[in-house]
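Here is a friendly walk through one protein chain, from its overall plan down to single side-chain pairs. Please keep the viewer open as you read.

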Amino acid sequence: MPNKIVLENELFYCIHIADTEEIKQQLRHFTVKKKTGNGLVNYLQNYALVDEENGEMRTYLVKDTDSHEIVGYFSLKAGMVSVNEKRTLFRREFDCVPGIELANFAVNNSYKEAHKEFDGLGKIIFVYFILAIVKKVSMQIGVKTLFIFALPHSSLINYYKSLHFQRLSAVEEKSIHRRIKPRYDQRCIFMCQSVM
């Protein structure tokens, strides 16, 4: 049995992806419901362990306490949000707000289909595991915000709003996208929430 990190509830537990030996076999069974989420499957199966070794991102698997099936996964990395941009004659200035980026977040559709008795798996993962890690980190270092770059689908944007993420005003969003939007997230929408 893999080493469990402290984060767990009665039904699920969360482990760091690097803490388990048989992980590659299990990752092959991870699926998503919509084709727009195939990038999340690709990341988990082909890049998560590489990013772990490089120290670029930390990926966690949420697993079923009884069957040890993968319920979902998420990746976190340190980041910053720039606000209060001011332009002078020769330069731009802005303030930096320390944050954590929720870079990947997906529920395993294979698990969901096999366990229809569980409803709201994404919210369970978010509340019991993602927020728990973010709050624990914020006790050790300065963290003011949790942010994501969400795919621009209204159903997904509304889902993140239900988890208390907010969009910025159109002017702020355009400004922040100009400064910190990652190359791989060109079409995505910046959303954030306070962790204080």
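## Overall plan

Helices (H or I, at least four residues) and strands (E, at least two) are DSSP runs, numbered from the N terminus. Read in that way, the sequence gives the order β-α-α-α-β-β-β-α-α-β-α-β-α-β, with seven helices and seven strands in the chain. This is a predicted model, in which local features need pLDDT of at least 70, side-chain atom pairs count only at pLDDT 80 or more, and totals for chains, interfaces and linings use all residues. Residues are numbered from 1 along each chain as its sequence is written, and side-chain values use heavy atoms, leaving out hydrogens and water.

Of the 196 residues in the chain, 44% are buried (buried means under 20% relative accessible area, exposed over 50%, partly exposed in between, with a 1.4 Å probe and protein chains only). The accessible surface is about 11500 Å², and carbon and sulfur atoms hold 52% of that surface; the areas come from the Shrake-Rupley method with a 1.4 Å probe, and for residues only the protein chains shown count as cover. Among contacts (heavy atoms within 4.5 Å) with a separation of 6 or more, 66% are between residues 24 or more positions apart.

## A covered strand

Now look at strand β5, residues 145–150, where six of the six residues are buried. In a regular strand the side chains alternate between the two faces of the sheet. In β5, Thr 145, Phe 147 and Phe 149 are buried on one side, and Leu 146, Ile 148 and Ala 150 are buried on the other.

Strand β5 runs antiparallel to strand β7 (residues 189–194), and six bridges join them. Two strands pair if DSSP finds at least two bridges between them. Ala 150, for example, has Ile 189 in β7 as its bridge partner.

## One face of a helix

In helix α2 (residues 38–46), the buried residues are Val 41, Tyr 43 and Leu 44. They line one face of the helix, because they fall within an arc of 160° when seen down the axis of α2. That arc is taken from the directions from the helix axis to the C-beta atoms.

## Salt bridges

A salt bridge here is a side-chain nitrogen of Lys or Arg within 4 Å of a carboxyl oxygen of Asp or Glu. The count by this rule is four. One of them joins Glu 52 and Arg 58 at 3.2 Å, N to O; Glu 52 is buried at 8% relative accessibility, while Arg 58 is partly exposed at 35%.

Another salt bridge joins Glu 101 and Lys 77, with the closest N and O atoms 4.0 Å apart. This pair links distant parts of the chain, since Glu 101 sits in strand β4 (residues 92–107) and Lys 77 in strand β3 (residues 70–87), 24 residues apart. Glu 101 is buried at 6% relative accessibility, and Lys 77 is partly exposed at 21%.

## Aromatic pairs

Rings of Phe, Tyr and Trp (its six-membered ring) pair if their centres lie within 6.5 Å; planes under 30 degrees apart count as stacked, over 60 as edge-to-face and the rest as tilted. The chain has twelve aromatic pairs by this rule. Phe 12 and Tyr 111 make an edge-to-face pair, 6.4 Å centre to centre with 75° between the planes. Phe 12 lies in strand β1 (residues 12–16) and Tyr 111 in helix α4 (residues 109–114), 99 residues apart.

Finally, Phe 105, Phe 126, Tyr 159, Tyr 160 and Phe 165 form one aromatic cluster.
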